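Me: I would like to learn how to read ring contacts and sulfur bridges in a model of this kind. Could we go through them one feature at a time?

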Amino acid sequence: MSGYGDAGARPPAQGQRRGFGAALGWTALGALVPGTAFLAAGRRRLGAAVLAVFLLLVAGGLWLATAGQQVAARTLVDTDVLLWATVGVGLLAALWIAVVVAGYRVLVPRGTSRGRHVVGGAVVALLAAAIAAPAVFAGHLATTSRDLIAGVFDDERESATVDADEEDTAELFGGRDRVNVLLLGGDGGEGREGVRTDTVIVASTDVETGETVLVSLPRNLQDLPFPEDSPLGELYPDGFDAGSESESLLNAVYRNGPAWYPDALGPTDDPGADFLKLGVGEALGLRIDYFVLVNLEGFSRLVDALDGVTVNVNYYVPVNGNPSTGELPDDYIAPGRDVRMDGTTALDFARGRFGLSDYDRMERQRCTISAIVDAADPVTLLQRYQQLAATTEDIVSTDIPRTRLDDFVDLAFRVKDAEIRSVVLDPPVIDPAYPDYDAIRQLVQDAIDPPVPVPAAATQPPADVADAPEAPEPAAGPATDVADACAYDPERAAEARAAGEPPTKQG
């Protein structure tokens, strides 16, 4: 009895007194909480060590899920870490299964019959499968994430507008105060020649605070300027021109610029995006750092991968139809609150223009993007990650390098708690046919850094501090809350329903 309870010593009578059912119960508990099976068998030191490691892993997981979310997010965009994570998950699962098997072996009573050993082996196999299944799933997710990141964010991508030397610096966004990303919706697809960027939005974000201004440009903006010191400034001294008015609008720059001057900017993997980055940056008075292009034709697959989106519809939205020829729409999406849409319907909602303005469509596209963000909750992302990853790689292109993904993760955690404002450059704010780019640049600057008006009384100091006027609020400008335009408007929807559905091809 001198060795009873010591490490490596098994009390000879205990195994005989413990029943087979109790051994299976402790084995199952040991699978849930590794180490408890060893403690029950009297292997106290071994059990305590295994349990301590398990509790440390649980504590680490809880920290990553709460206070360490930013560290976890940075880990998930690092392809090297994801590779090691895949190996680590497999090794951890193997060790966990080994602990379960060893726990059963030290718990099962001596003299157990062959039939019970078969039952015990089956239970252990089920427990091992229960451990292996989520490990395989996690490893597969890590591999899929690694492939997605490597496929979309390419450090070797050539760009005429991204400074490779600046990207090598470890400082957050190369020490810039703001980062400006050009968001493009490409309306390419079957039956369409080339890509027209009908959605052009610049997201300008303060690197320190996360405060963001979204600037939406109309697709029919004319005379897009280019920096005077760039090759495009020499080619287009009076603004972008492709020979006719319809082919010289903003939405045609991506396609027509490189078609006319394919080598104007030197080596680049996406000359259309570089044309737009330079032109839109000059128009807004901003340096455009990166672009993200989403193919709206494949956008419907993204919505389906999310199992649909929910949007508010305040008026009848046409499905197809041709404003140029007068061809009537096939159907209409009726007004309603929280309308659930599949991918095809969501694409029709974002595209519909017959009888409406480009600005109506720009507004709906922003609402659709917002709905996609709302639909991408953690549970949905986890359940549908495989399909989402495959879809995303097919429809998204960007010049954001992998080396900057950590910076974007840090920025995202600032943005989620910061104010987001929207500036829509539409009439009467601007005239797209005769744009005053100096005025546009001032509008953007005022949205980014709102001026504080100086009251007339400020020229005479008050006699008493108590009589001093309160600090004035920033001047009102064109910036508005992003959520306002996407809210349900019951009065407008009721007026639309009262007027009845507009005519379609069917009558």
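Me: How many aromatic pairs does the structure hold?

Reply: Bear in mind throughout that this is a predicted model. The general idea is to look at the distance between ring centres and then at the angle between the ring planes, where planes over 60 degrees apart count as edge-to-face. In this structure, the search gives eight aromatic pairs. One of them joins F54 and W96, whose ring centres are 6.0 Å apart and whose planes stand at 70°, so this pair is edge-to-face.

Me: Where in the chain do F54 and W96 lie, and is F54 buried or exposed?

Reply: F54 belongs to helix α4 (residues 44-65) and W96 to helix α6 (residues 79-107), so that the pair links distant parts of the chain, 42 residues apart. For burial, the cut-off to keep in mind is that a residue counts as buried under 20% relative accessible area. F54, at 16% relative accessibility, therefore counts as buried, whereas W96, with a relative accessible area of 27%, is partly exposed.

Me: What is the geometry of the pair formed by Y236 and Y261?

Reply: The ring centres of Y236 and Y261 are 5.7 Å apart and the planes are at 85°, so this pair is edge-to-face. It links distant parts of the chain, 25 residues apart, with Y236 in the loop between α9 (231-235) and α10 (253-260), and Y261 in the loop between α10 and α11 (271-284). Y236 is buried at 5% relative accessibility, while Y261, at 29% relative accessible area, is partly exposed.

Me: Which cysteines form a disulfide, and what is its handedness?

Reply: A disulfide is a covalent bond between the sulfur atoms of two cysteines. The count here comes to one disulfide, formed by C367 and C486 with their sulfur atoms 2.2 Å apart. The torsion about the S-S bond of C367 and C486 is about -100°, so the disulfide is left-handed. Because C367 lies in helix α14 (residues 358-375) and C486 in the loop between β11 (480-481) and α19 (490-499), the pair ties together parts that are 119 residues apart in sequence. Both C367 and C486 are buried.

Definitions and conventions. Residues numbered from 1 in each chain as written. Predicted model: local features only at pLDDT ≥ 70, side-chain atom pairs only at ≥ 80, totals over all residues. Heavy atoms only, no water. Phe/Tyr/Trp six-rings, centres within 6.5 Å; stacked < 30°, edge-to-face > 60°. Helix = DSSP H or I, 4+ residues; strand = E, 2+ residues; numbered from the N terminus. Buried < 20%, exposed > 50% of the residue type's maximum accessible area, 1.4 Å probe, protein only. Disulfide = S-S within 2.5 Å.
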